[in-house]
Amino acid sequence: MDSSDDSAVAPYDEFGLFEENIAEFGLDVPQLPQVERRSVALDDGRLLSLLAWGDQPAEIVFVHGGAQNAHTWDTVVLALGRSALAVDLPGHGHSSWRNDGAYSPSNLADDVARAVKMHAPDAQLVVGMSLGGLTSMMLATRHPELVRQLAMVDITPGVNGEKAKAIIDFVNGPQSFTSFDDLLTRTIEFNPTRSESSLRRGILHNAHQLPDGSWQWNYDRTNRQTGQTTKGNGSMPEADVTPVSGDRNPLWDDFAAIACPLTLIRGSLSPVVDDADVAEARRLQADIDVHLVDGSGHSVQGDRPVELAELLNALLD
């Protein structure tokens, strides 16, 4: 694509890119599944948006990471061939933003619980990545009747600012870009394990073009400072990570309280979960199942979606 000509960016069709997912990863999908966007009204007037895949009750619920949206799971769901529910977290995708900016895992879990109760009450597996993994963890502790089995993708409460520095630097970068190609170039720079075509689709699902031709991210970054929380010796807006500190993250206590079968899936190239985190996870959850996905960075669903789908199919079977 000519970097000086954004006219090559076709009009966005939310459900028009699935054939690209299928072709890039060589998926065997004889017929595209039914996909429908739905919304759930929350008590304070906000809306939680989600994607319902398939025409049967959802077997699996997906919860994305910070600065992502429900479409991050498209290739995984297509590879699975199962009915699923993929949620847009508050402040992301098509969901409403919080006025207080308090996007804590607990707050997010209570919102997600409303959607799961309404649209996937009998799901056999909840899968959460990064912030979505911590949200799903809190869903399992605060609403255990909704989580029969949990898979956390490249996240534990051991995450901190140092381990997630590259992610923080990317998310905290510019909000607006003069052109689509400028946005794509920066995204490629911070995601060396992803294909350009995959990143391009991700941007189309996660950004929009303004009347002046510039591009802007969709997720909420405007008021997170009002949702600050203090953990250890530092404070930061609720997001994927906790401050760099020697103090133990209290979320480990919530991790220890998970009562359902638990799986941890790591990306082999990701620094976000280290061996010490795995050791602590095993100490607190003796029966935890841990998998390492070779060649994957933090976003396992983007880097190795077929391998992730195979792991999740095994859990469901």
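Modeller: Helices are DSSP runs of H or I with at least four residues, strands are DSSP runs of E with at least two, and both are numbered from the N terminus. This is a predicted model, where local features need pLDDT of at least 70, side-chain atom pairs count only at pLDDT 80 or more, and totals for chains, interfaces and linings use all residues. Residues are numbered from 1 along each chain as its sequence is written, and side-chain values use heavy atoms, with hydrogens and water left out.

Biologist: Thanks! Why is D277 called buried?

Modeller: Buried means under 20% relative accessible area, exposed over 50%, and partly exposed in between (1.4 Å probe, protein chains only). D277 has 5% relative accessibility, so it counts as buried. This residue sits in helix α9 (residues 275-284). Leaving aside neighbours within four places in sequence, D277 is in contact with T156, G158, K163, W252 and V272.

Biologist: Which residues of α6 are buried, and what covers them?

Modeller: They are F180, D181, L183, L184, R186 and T187. Their cover includes the helices α5 and α7, along with strands β7 (176-177), β8 (207-209) and β9 (215-217).

Biologist: What makes β3 and β4 a pair?

Modeller: Two strands pair if DSSP finds at least two bridges between them. Strand β3 (residues 60-63) and strand β4 (residues 84-87) have 4 bridges, in the parallel sense, so they meet the cut-off of at least two. V61, for instance, has L85 in β4 as its bridge partner.

Biologist: And which strands are the edges of the sheet?

Modeller: The open sheet has 8 strands with mixed pairing, in the order β1-β2-β4-β3-β5-β6-β12-β13. β1 (35-41) and β13 (289-293) are its edge strands, as each pairs on one side only.

Biologist: Finally, what makes the largest pocket a pocket, and how is its volume defined?

Modeller: On a 1 Å grid over the protein atoms alone, a pocket is an open set of points with protein on both sides within 12 Å along at least five of seven lines, whereas a cavity is a set where a 1.4 Å probe fits but cannot get out; lining residues have an atom within 4 Å of a point. Points are joined across faces, edges and corners, and the volume is the space filled by probe spheres set on them. For the largest pocket that comes to about 840 Å³. The lining has 44 residues, and Q68, N191, R194, L199 and S299 are the closest to the centre. Helix α7 gives the most to this lining, with 7 residues.

Technical notes: Contact = heavy atoms within 4.5 Å.
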